[in-house]
Amino acid sequence: MVCRDMQASRSLQSLFPRFKMAPLMKYLPLFLFLVTGLFYTLPAEAEAPPEIGLWLSEKHDGVFRVEYCGDGVLCGTLIGMRYDEAEPARDVHGRSECGLTMLTGFRKKSGDERWNGKILDPDSGEVYHAQIWSPRDGVMKLRGYVGIPLFGETQTWTRYIGTIGAQCRLPPE
């Protein structure tokens with residue numbers, strides 16, 4: 001076996017006098033890695049949960065971006081608002097509500113259709129328990145509560161496909 005390899009190497013060198021086998025051998029692992037990568041198919045990406053995306057609040061006065069903010073955790077940020085003043089509303093601490101993450105730490109328990117997390121009331125600074133879920137395409141439910149979900153209120157949000165202007169301003173309805 002060794003003799004054949006040496007003979008093949010010698011015959012290549014006789015055909016191509018400048019051809020050196022040793023320098024090319026250091027690239028063999030890379031070559032094999034790339035070739036095997038062509039035949040290996042990655043598993044399909046997990047389908048994003050229906051709660052991911054842009055959502056218009058029930059009163060049509062705010063748009064939230066719900067997205068992953070950690071390993072399997074969803075958060076929601078206010079990115080669009082309806083307001084008459086020159087600037088967007090401010091929270092209890094004087095910060096603009098535009099860009100404020102109000103939905104935090106939403107995790108899904110296995111076998112449960114609802115994500116459990118927290119929601120911030122920017123006017124009072126209070127944080128409440130909350131659940132979000134999508135009962136059907138284009139609709140998301142948000143339930144904020146104190147203690148247990150029985151003592152809460154549910155809002156129906158709809159998928160938002162419009163535009164958002166400067167300073168988080170939503171266009172007139």
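Buried here means under 20% relative accessible area, exposed means over 50%, and partly exposed is anything in between, using a 1.4 Å probe and protein chains only.

A quick word on the model before the points. It is predicted, so local features need pLDDT of at least 70 and side-chain atom pairs count only at pLDDT 80 or more, while totals for chains, interfaces and linings use all residues. Residues are numbered from 1 along each chain as its sequence is written, and side-chain values use heavy atoms, with hydrogens and water left out.

1. Start with the cysteines. The structure holds 2 disulfides, a disulfide being a pair of cysteine sulfur atoms within 2.5 Å. Number the bonded cysteines in sequence order and the pairing reads 1-2, 3-4.

2. Cys168 is bonded to Cys98, with an S to S distance of 1.6 Å. Cys98 sits in the loop between strand 3 and strand 4 and Cys168 in the segment after strand 8, so this pair ties together parts that are 70 residues apart in sequence. (Strands are DSSP runs of E, at least two residues, and helices are runs of H or I, at least four residues, both numbered from the N terminus.) The torsion about the S-S bond of Cys98 and Cys168 is about 50°, so the link is right-handed.

3. Cys69 is partly exposed at 42% relative accessibility, but Cys75 is buried at 12%.

4. On to the charged pairs. How many salt bridges are there? Count a salt bridge whenever a side-chain nitrogen of Lys or Arg lies within 4 Å of a carboxyl oxygen of Asp or Glu, and the count comes to 3.

5. Arg82 pairs with Glu173, the closest N and O atoms being 3.8 Å apart. This bridge links distant parts of the chain: Arg82 belongs to the loop between strand 3 (73–81) and strand 4 (101–108), Glu173 to the segment after strand 8 (152–159), and the two are 91 residues apart. Arg82 is partly exposed, with a relative accessible area of 29%, while Glu173 is exposed at 72%.

6. Next come Arg90 and Glu87, which form a salt bridge with their closest N and O atoms 3.1 Å apart. Which class do these two fall into, buried or exposed, or partly exposed? Arg90 is partly exposed at 43%, and Glu87 also counts as partly exposed at 43%.

7. The side chains of Arg95 and Asp91 meet in a salt bridge as well, at 2.8 Å from N to O. The two ends sit in separate classes: Arg95 counts as partly exposed at 45% relative accessibility, and Asp91 counts as buried at 6%.

8. Last, a look at one serine. Where does Ser57 lie? Ser57 is in the loop between strand 1 (53–56) and strand 2 (62–70). With a relative accessible area of 6%, Ser57 is buried. Leaving out residues up to four places away in sequence, Ser57 touches Gly62, Thr156 and Trp157, where contact means heavy atoms within 4.5 Å.
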